[in-house]
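Let's take a walk through this fold together, strand by strand. Have the sequence and the 3D view side by side as you read.

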Amino acid sequence: MTNGQPNAEGVPADAMRRLAELTPGRPGSIFTSDLSVNEFLLVREAGFTPIGLVLGSSIYHVGIQIGRWGKNQELETLSQAMYHARELAMTRMEAEAAQLGADGIVGVRLTVEAREFGKDIAEFIAIGTAVKADHPFPGGGSWRNNKDQPFTSDLSGQDFWTLIRAGYAPLGMVMGTCVYHIAHQKMGTVLSNLGKNVEVEQFTQALYDARELAMARMQAEAESLHAEGVVGVQLNAHNHRWGGHTTEFFSIGTAVRPLRPDHEIERPTMVLSLDG
């Protein structure tokens, strides 16, 4: 990477220079983090040292795909666009963490923001705090996942601390997306339902199918990481700028693996105040 051009992952030269200034162990080096004070202290208590704020960004033009008026169907072109744009942002964030020699990234936020550059242009942003483990992985393994990438987690500092203390380790954020066109009702059906309490079955089935596709894709990502499960799952619906009958279902969570056979959270220590 020269003359300010991005590297193979699309990380700008200025970002790499910023990361070089955060090199752990170098005299005068400082760390940056978007963790709150409580989260920072709990991450340290869990055995990890924050070493730098890392981010990835992708400004993406989302193509147009029109669904058939009376048919429930996935809009695969849009699904692929939304997935690829997020993946670009995540990959660039992971590249920054790898440059720092991080074992993982905690407190990851993955957002989509509309831009004024055009109607169908949005910026996908991934941001989190890169961390390095204070101790080797139990049993001589690696804190990185089976793809030799730093683990990623969108858990809060408190949940991350609880996860580690309970005997689990994060592998990576896993996600699934589905952009779906929900069929319009026929005029006869609309008129026949006037004044009635009745389920609109085609709408129910459409939303059910779309959510299931998103969840199945998230689960497939977790399986590729050889995860035991996915925690902190969120399933959200986004309409973006596609109109009332097209929506995106997006599922995301943190895939985890066991650190040891037992999984017990330590009992809290009782503290009695001596004041008053």
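Val233 makes a handy way in: Val233 is partly exposed, with a relative accessible area of 37% (buried means under 20%, exposed over 50%, and partly exposed in between, using a 1.4 Å probe and protein chains only). Before going further, keep in mind that this is a predicted model, in which local features need pLDDT of at least 70, side-chain atom pairs count only at pLDDT 80 or more, and totals for chains, interfaces and linings use all residues. Residues are numbered from 1 along each chain as its sequence is written, and side-chain values use heavy atoms, with hydrogens and water left out.

Val233 belongs to strand E7, residues 229–238 (helices, H or I with at least four residues, and strands, E with at least two, are DSSP runs numbered from the N terminus). Together with Met215 and Leu235, Val233 makes a nonpolar surface patch of about 210 Å². Patches are built from residues with over 30% relative accessible area and no salt bridge, joining like charges within 9 Å and nonpolar side chains (Val, Leu, Ile, Met, Phe, Trp, Tyr) within 5 Å. A salt bridge here is a side-chain nitrogen of Lys or Arg within 4 Å of a carboxyl oxygen of Asp or Glu, and the areas come from the Shrake-Rupley method with a 1.4 Å probe, where for residues only the protein chains shown count as cover.

Now for the sheet around E7. Four strands line up as E2-E6-E8-E7 in an open sheet with antiparallel pairing (two strands pair if DSSP finds at least two bridges between them). E2 and E7 sit at the edges with a single partner strand each, so one side of each has no neighbour in the sheet.

What about strand E6, residues 168–181? Here 14 of the 14 residues are buried, so E6 is largely enclosed by the rest of the structure. E6 pairs with E2 (residues 73–74) over two antiparallel bridges, and Gln73 has His181 as its bridge partner in E6. With E8 (residues 246–258), E6 forms 13 bridges, also antiparallel.

The side chain of Thr254 makes a polar contact with the side chain of Asp154 at 2.7 Å. A polar contact is a pair of N or O atoms within 3.5 Å; within protein, one must be able to donate a hydrogen and the other to accept it, and residues adjacent in sequence count only if both atoms are side-chain atoms.

There is another sheet to trace. This one is open, has four strands in the order E1-E4-E3-E5, and shows mixed pairing. Its edge strands are E1 (48–61) and E5, each pairing on one side only. E1 and E4 (residues 121–133) run antiparallel over 13 bridges, with Gly52 partnered by Ala130.

Which residue of E5 is worth a stop? Thr152 lies in E5, residues 151–152, and is buried, with a relative accessible area of 2%. Its side chain reaches the backbone nitrogen of Met173 at 2.7 Å. Beyond its neighbours within four places in sequence, Thr152 is in contact (heavy atoms within 4.5 Å) with residues including Met90, Ile105, Gly172 and Thr254. Thr152 and Ala255 are 103 residues apart in sequence, yet 8.9 Å apart in space, C-alpha to C-alpha.
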